[in-house]
Amino acid sequence: NDAITGFVVAGAIAGGLSTVSGHMLAISAAVANDVTEAFELDVTEDRKTQFGYASVLAAALVIALIALSPPAFLVVSILWAFAISAAAITPVIVLGVGSARVNRYGAIASSVVGFFVILILSPHAFSGIGAGGEGMTATLGMDAIMIGFPVAIITLVVVSLLTENIHVLKVDPDDNRALINEMHGYP
C-alpha cells in the first residue's frame, strides 16, 4: 500500500511541477507582452525579455513560499483531479487506441460512470461514503480509484459491445478499425 501511495504521490508531484512550469511561462509571456502593451510602454524586445525573466524569478519566489506550507485544499484538489482523470479518461484513451470495438457510446458512458464513482466514493464530496480503509490514500481520497478505474473499464467494454448490436446507432467496427490503423500508420 505504501509503494502504491508513493507512485501516486510521485505522479502528483511530477504533474504539479509540470503545471507550475507552464504557469511560469504564461506569467513570463503576460508580463513581457501584455503588461508592457497595456501600459503602452515603449521598450525594446531585449527589455521585454528581461521583464519576462524577472517575472519568472518573482513568480518562482512566490511559489516557493507557498510550497513551504501548501494549503490542504491545493494538495487534495490535485490528487482528486488525478483520480478523476484516471477513472474518466484513461480507460478511453488506453482501450480506444487499441481496440476497434470501442465506440463513442462506450467512451461517454465510461467517462461519466468513472467520474461519478470517484465523486461518490471520495471523502471530499460525501464524507459518509468512502472507499478503502485507513491511511494516507484513504484520507486523500485516492482509494476511490481502485474501484472507479475497473468500473470505468467494464462500462466502456460492455456499453461498446451492446451498442454494436443496436442498428439505429450505426456503430461499425470496420470504420473504427480504419481509424485506428490510420492513427498507427498501418495501411
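This briefing describes the helices, core, surface and side-chain pairs of one protein structure.

The structure is a predicted model. The protein has eight helices and zero strands, and of its 187 residues, 26% are buried. A search of the whole structure finds two salt bridges, and the count of aromatic pairs comes to one.

**Overall architecture**

- Read from the N terminus, the elements follow the order α-α-α-α-α-α-α-α.

**The largest nonpolar core**

- The largest nonpolar core has nine residues in all: Ala 83, Ile 84, Ala 86, Ala 87, Val 117, Ile 118, Leu 121, Ala 144 and Ile 145.
- Helix 3 and helix 5 each supply at least two residues of this core.
- The helix that gives the most to this core is helix 3, with four residues.
- Val 117, one of the core residues, is in contact with Ile 147, Gly 148 and Val 151 when its neighbours within four places in sequence are left aside.

**The nonpolar surface patch**

- Two helices, helix 2 (45–68) and helix 3 (72–88), each supply at least two residues of the nonpolar patch.
- Helix 3 provides the largest share of the patch, namely five residues.

- Side chains of opposite charge can pair when their charged atoms come close.
- The side chains of Lys 48 and Glu 45 meet in a salt bridge, with a distance of 3.8 Å from N to O.
- Both Lys 48 and Glu 45 lie in helix 2, where they are three residues apart, about one turn of the helix.
- Lys 48 is buried, because its relative accessible area of 13% is under 20%.
- Glu 45, in contrast, is exposed, because its relative accessible area of 54% is over 50%.
- Leaving aside neighbours within four places in sequence, Lys 48 is in contact with Ala 32, Asn 33, Thr 36, Glu 37 and Val 43.

- Arg 101 lies in the loop between helix 4 (90–98) and helix 5 (104–121), whereas Glu 164 lies in helix 7 (residues 145–164), so the pair ties together parts that are 63 residues apart in sequence.
- Arg 101 is partly exposed, with a relative accessible area of 40%.
- Glu 164 counts as buried, because its relative accessibility of 14% is under 20%.

**The aromatic pair**

- By the rule used here, the count comes to one aromatic pair.
- Phe 115 and Phe 116 form this pair, with 5.2 Å from centre to centre and 75 degrees between the planes.
- The arrangement of Phe 115 and Phe 116 is edge-to-face, because the angle between planes needed for that class is over 60 degrees.
- Phe 115 is partly exposed, with a relative accessible area of 31%.
- Phe 116 also counts as partly exposed, at 41% relative accessibility.

- Thr 155 lies in helix 7.
- With a relative accessibility of 16%, Thr 155 counts as buried, because the value is under 20%.
- Not counting residues up to four places away in sequence, Thr 155 touches Ala 109, Ser 110, Val 113 and Ser 160.

Notes:
Residues numbered from 1 in each chain as written. Predicted model: local features only at pLDDT ≥ 70, side-chain atom pairs only at ≥ 80, totals over all residues. Heavy atoms only, no water. Phe/Tyr/Trp six-rings, centres within 6.5 Å; stacked < 30°, edge-to-face > 60°. Buried < 20%, exposed > 50% of the residue type's maximum accessible area, 1.4 Å probe, protein only. Salt bridge = Lys/Arg side-chain N within 4 Å of Asp/Glu carboxyl O. Core = buried A, V, L, I, M, F, W, Y, C linked by side-chain atoms within 4.5 Å. Contact = heavy atoms within 4.5 Å.
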